[in-house]
Each structure stands twice: as C-alpha cells, then as structure tokens.
Amino acid sequence: MKLKSLTIAIALAATSASAFAAEKTEGFYIGVFGDYYDASWKNLNMHQNLEVNESASWGAEVGYRFSDYWSARLEYADMDFNAFLKNPIPNGNRNDVDGERFGVDALYHFGGGPFYGLFGIKEVKVATDNTFLNAGVGYQHFITDGLFVNAETSVYQGLDRGYTDVNAKLGINYLFGQSSVAEEPVQPAPEPVIVEVAPVDSDNDNIPDADDKCPNTPMTDAVDGTGCTLYEDKEVTVSLLVTFPNNTSAVSTQYLNDIDKVAEFLKEYPDTTVLLEGHTSAVGKASYNKWLSKKRADAVAKQLVADGIAEDRITTVGLGEERLKNDANTKAANAENRRVEAHIKTIKNVKVLR
C-alpha cells in the first residue's frame, strides 16, 4: 500500500510542471526526500531468527550539477524497517527497527533534459552493515527558478549477502546555480548585399590560389584537391632477344643497340636486376648445349658490363635445349632456338595527365 501511494505521488510530481520553470546549467543543490525501500532480508549475522522487510524513510541530500549532462550527490536516509523475529517468540510479532542509509550517486541527464539515469554505492545499517550497488532512473522538474522536484526508482544489489532490493524516492531540492534566461527576440538585420568575386586561379588548375598548395603546376598535369600534381604507379618493362649462329657464342654487332637499351633501363632504375637466359637448339649433345647456352648468356652479360652495369646486378643461366621456342626439326626452327633472352620490369611513379 505504501509503495502504491508513493508511486501515485511520483507521477503527480512529474506532471506538475510550471510554465515559468527555468533550466539550470550548474551549481550546488540541497534537498530532502521521502522514500519506500522494499527489502527481504533473512538470517542476518548474529540475528539468525531476524527477518527485515520494507522501510519508509526520510532523508537529506547535497549535490552538484557539473554540466547539462552530469551531476553527483551525497545522501543520508533515516530508515524505519518492519522486522519480524521468528523465534523464540512464537506469535510472530512485528516490530519497527531503526536503520540508516548513506552513500553517493552519479547522475547522467539524458540530452540535458529532465530524465536521468543514476548509479552509486550505498551502506545500509540495520542490525548489521550491508553494502549495495544501486542503479536506476528518475525524472527532475523545476517548479520555480531554483526549486525542483525529483522522482526516481532504483534497484539495489547487495555485495555482502546478495540481497536484491527496490527503492522508490520522491524529493524536493533547491539549486544554487546559473539559470538560462530567455533572451528578448532580436529583430533580424537586413540581409547584406553580397557581391560575388570570382576566386583567383593563377595556374588555371581549377583550384583557387587561396587553397592551392602547389602554385604554377604545368597545364598538362592533373591535380588533386590541393592543386598538386597527381601521380600513379605504372609498370615499365624492357626485353632483350639476341640470336646466335650455330655452335657459337659471339654476340653479333646487330644486337649492340638492343643491349645498350637494356643497359640504359638498368641505369634509369638502379634497383632493378637482370636475368640472362641462354638457350640452344636440340642439335647436338644436351650437356654440350647446356655449356654453350651458359657461354652465350655470359657473352651478353660481358657486353652489359662494358656498358657500365655492375656485375652483381646481372645473373646468367644456361638452359640448353630445355625450353625450345620451336619444336620443329628444321633449319629455321633451330635458328630461332639459338638465343639469349631477358625480361625486366619495375614500377614507375608517373604523372597523371589532364
């Protein structure tokens, strides 16, 4: 019955809003409250026959509103529990048992509005000490510039004995804080006449000079949002094919220009290396062909060294007749198979053109 009456009172307080209530932003507040505490404790330490039930309480609190969203408070409650001593009294008389509760809560005001969530820690003293963690929700409403009521309910979870209790609370408080006063409406100023001035773009890259971090970029270059030249990764390659007469490893002068191009590529990209693969036709012994193909690869490597390429950037291998380009047993096929090949590729950072 007590809980029902208190619930009705909380609902009335939450809806009794005054039109002139002012919102508060921060400051200290003090208040008093009444609450109903629903407990069901059995076999307390040193009181094995004592059962403690509900309590009607009054109390006082002091707090501080830090911002629109956060506040904290200290509370004290003088509690009057309904207790029952099972034995040795057989008639089951109930008696009032005094208790007290004190602790601290943190409050979060949702969106800076009247509804809030809370969590805290409390010590409840009745017959013995019990420590609880509590969490709940509440409603707060200003009646005057500083006076406000609050209504809330919480669940208490015991840390010492595992009790789970419920509390409903109704209070009245006064906040000594700063009010947000409604300002007189300000008449809108006449709209200014806006004269549009085209932004200066000295290098015609569509990025105004005020935002251009790379002035004077070439007209041919695509630019990013800051006016700087855009670059992209592009694969660059070079290939070499040198053919040889039958049973020889001498490099013909007709291939010197091709070898020079490979040397220039290696110089332009100093992180690259080259693998020279020597080959022969299927004519003759395989072991001899292996030796001859390696000699052909070494002959091309020697020419690259003469062009200024370091030896440690060149690898040669003789594959003999293992990788024929043309399997036919003809004169033309044999000539096609007598060769040295190389394929080099790397990634180059190149400009993106408009």
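Predicted model: local features only at pLDDT ≥ 70, side-chain atom pairs only at ≥ 80, totals over all residues.
**Overall picture**

The chain has 354 residues, and 38% of them are buried. Its secondary structure comes to four helices and 13 strands. Among contacts with a separation of 6 or more, 63% are between residues 24 or more positions apart. The chain exposes about 20,600 Å², with carbon and sulfur atoms supplying 57% of that area.

**The loop between E9 and E10**

Strand E9 covers 164-179 and strand E10 covers 231-243, and Asn204 sits in the loop between them. Asn216 lies in the loop between E9 and E10 too. Most residues other than glycine have a negative phi. Asn204 has a positive one, near 55°, and Asn216 also goes positive, at about 65°.

What does a search of the whole structure turn up in the way of disulfides? It finds one, joining Cys214 to Cys228 with an S to S distance of 1.8 Å. The torsion about that S-S bond is about 75°, so the disulfide is right-handed. Both Cys214 and Cys228 are in the loop between E9 and E10, 14 residues apart.

Here's how these loop residues compare in accessibility:

| Residue | Relative accessibility | Class |
|---|---|---|
| Asn204 | 46% | partly exposed |
| Cys214 | 23% | partly exposed |
| Asn216 | 65% | exposed |
| Cys228 | 17% | buried |

Cys228 comes in at 17%, so it counts as buried, whereas Cys214, at 23%, is partly exposed.

In soluble globular proteins, nonpolar side chains tend to be buried together. The largest nonpolar core in this model has 23 residues, and the members touching the most others are Leu240, Val274, Leu276, Val300 and Leu304. Strand E10, helix H2 (256-268), strand E11 (274-279), helix H3 (286-306) and strand E13 (339-351) each supply at least two residues of this core. Which element gives the most to it? That's H2, with five residues.

Leaving aside neighbours within four places in sequence, Val300 is in contact with Leu240, Val242, Phe244, Val251, Ile259, Leu276 and Val340. Apart from this core lies another, of 15 residues, including Val52, Ala77, Met79 and Ala83.

**A nonpolar patch on the surface**

Some nonpolar side chains are out on the surface instead. Phe28, Ile30, Val62, Leu74, Val104, Ile121, Leu133, Leu159, Tyr174 and Phe176 form a nonpolar patch there, and together they have about 930 Å² of accessible area. Strand E1 (24-38) and strand E9 each supply at least two of the patch residues.

Conventions: Residues numbered from 1 in each chain as written. Heavy atoms only, no water. Buried < 20%, exposed > 50% of the residue type's maximum accessible area, 1.4 Å probe, protein only. Patch = residues over 30% accessible without salt bridge, like charges linked within 9 Å, V, L, I, M, F, W, Y side chains within 5 Å. Areas by Shrake-Rupley, 256 points an atom, 1.4 Å probe, with all protein chains shown as cover. Salt bridge = Lys/Arg side-chain N within 4 Å of Asp/Glu carboxyl O. Core = buried A, V, L, I, M, F, W, Y, C linked by side-chain atoms within 4.5 Å. Contact = heavy atoms within 4.5 Å. Disulfide = S-S within 2.5 Å.
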